[in-house]
Amino acid sequence: MSKLDVYAVIGNPIAHSKSPLIHTAFALQTAQSMRYEALLSPVDEFRESVTAFQQKGGKGLNITVPFKLEAYKCATHLTERAEMAQAVNTFKFEDSKILGDNTDGAGLVRDIEINLGVSIDSKRILLMGAGGAARGVILPILKKNPSILAIANRTPQKAQQLQQQFVAYGDIVSGGFMEFSGENFDIIINATSASLNDALPELPASIFAKDSLAYDMMYGHEPTRFLVFAKQNGAGYLADGMGMLVEQAAESFFLWRGIRPETADVIAQLKIGT
Ligand code: NDP
């Protein structure tokens, strides 16, 4: 009997992760001989946990909170998008080589363009936040040719740093949230962690228009306060980050197995389950 290839998601905490469910569904759908586990690593022993998994024959990992920055440092090779994001959410092991990739941005872009049917080309995009999630999506968004990417953050200096880092890739402006008062955008993406604490960044109501898509990377049972605020202030379309979660997983699966799984059924199943 052939041995199953083993993959896992590593994080702390990890019990809540939906990745084992998603990848098990992908493996079944594409008839891949693989197993996918959840791996809890002590916060100060990430590197040791990765090495132990690799030595046991593990083929790849997804990396989640709080290890994405440490994973960036652990990788021996990086894709361009991981290098630019300075954060890694996927490892692929080949002998002693550890390839680090970041599939979050590709996942977001596919969810917006393919699943929600909203093209980014020539659109005005507002990205809220300047943490790991925001950094990971900037290059994939810019590669879709928006007319402008505005990066707004509670601490404006961090948004300015991102503007400088990515300036060669497209038209970017940056600042604090209120600096965009009086302007509106086609796509407004909440990549802050405010929704995790049921908080709402201090936003100008003007940023939404009737054709705007308001997208919150956070997902859950109820619309987040950001999505409620967006609807109250005229945004025509609302979406949470469940589709992004499944699409970033599909992109990792593709890197590992060379097959792109269908995502629509998996997203629908998870939406019923939340
Ligand atoms: P980080 O901790 O790296 O960054 C947090 C960001 O949120 C910072 O820009 C911070 O601003 C800002 N922030 C926090 N609280 C507030 C607030 N009350 N008001 C305004 N701004 C605030 O987090 P991540 O980037 O890793 O994650 C961000 C979100 O994205 C999380 O909700 C996470 O769950 C989600 N996510 C979803 C994914 C998916 O697949 N759907 C994938 C990855 C992330 P400041 O710089 O001023 O501190």
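A: Let us begin with a proline: proline 66 sits in the loop between β3 (60-63) and α3 (68-74), where helices (H or I, at least four residues) and strands (E, at least two) are DSSP runs numbered from the N terminus. The peptide bond that joins valine 65 to proline 66 is cis, with omega about 5°. Before we go further, note that this is a predicted model, in which local features need pLDDT of at least 70 and side-chain atom pairs count only at pLDDT 80 or more, while totals for chains, interfaces and linings use all residues. Residues are numbered from 1 along each chain as its sequence is written, and side-chain values use heavy atoms, with hydrogens and water left out.

Q: How should I read a positive phi, and what is the value for aspartate 95?

A: Phi of aspartate 95 is positive, about 55°, although the residue is not a glycine. Aspartate 95 is part of the loop between β5 (90-94) and β6 (97-101). With 81% relative accessibility, aspartate 95 counts as exposed, on a scale where buried means under 20% relative accessible area, exposed means over 50%, and partly exposed lies in between (1.4 Å probe, protein chains only). Aspartate 198, another residue other than glycine, likewise has a positive phi, near 55°; aspartate 198 is found in the loop between β10 (187-190) and β11 (213-216) and is exposed, with a relative accessible area of 51%.

Q: Is serine 252 buried or exposed, and which side chains does serine 252 contact?

A: Serine 252, which lies in helix α9 (residues 242-257), is buried, for its relative accessible area is 0%. A polar contact is a pair of N or O atoms within 3.5 Å; within protein, one must be able to donate a hydrogen and the other to accept it, and residues adjacent in sequence count only if both atoms are side-chain atoms. The side chain of serine 252 makes such a contact of 3.1 Å with the side chain of asparagine 62, and another of 2.8 Å with the side chain of threonine 90.

Q: Where is glutamine 32, and which side chain does glutamine 32 contact?

A: Glutamine 32 is in the loop between α1 (19-30) and β2, and at a relative accessible area of 19% it is buried. The side chains of glutamine 32 and arginine 257 are joined by a polar contact of 2.7 Å.

Q: How many salt bridges does the structure hold, and what is the general idea behind them?

A: In general, side chains of opposite charge can pair when their charged atoms come close. The rule used here is that a side-chain nitrogen of Lys or Arg lies within 4 Å of a carboxyl oxygen of Asp or Glu, and the structure holds twelve salt bridges. One of them joins the side chains of arginine 81 and aspartate 101 (2.7 Å, N to O). Arginine 81 lies in helix α4 (residues 80-85) and aspartate 101 in strand β6, so this pair ties together parts that are 20 residues apart in sequence. Arginine 81 counts as partly exposed at 22% relative accessibility, whereas aspartate 101 is buried, with a relative accessible area of 1%.

Q: What other salt bridge involves arginine 81?

A: The side chain of arginine 81 also meets that of glutamate 251 in a salt bridge (3.3 Å, N to O). This pair links distant parts of the chain, with arginine 81 in helix α4 and glutamate 251 in helix α9, 170 residues apart. Glutamate 251 counts as buried at 11% relative accessibility. Salt bridges that share partners bring Arg81, Asp101, Glu251 and Arg260 into one network.

Q: Where is isoleucine 148, and what separation does the model give between isoleucine 148 and tyrosine 219?

A: Isoleucine 148 is in strand β8 (residues 148-152) and is buried, with a relative accessible area of 18%. Isoleucine 148 and tyrosine 219 are 71 residues apart along the chain, and their C-alpha atoms are separated by 26 Å.
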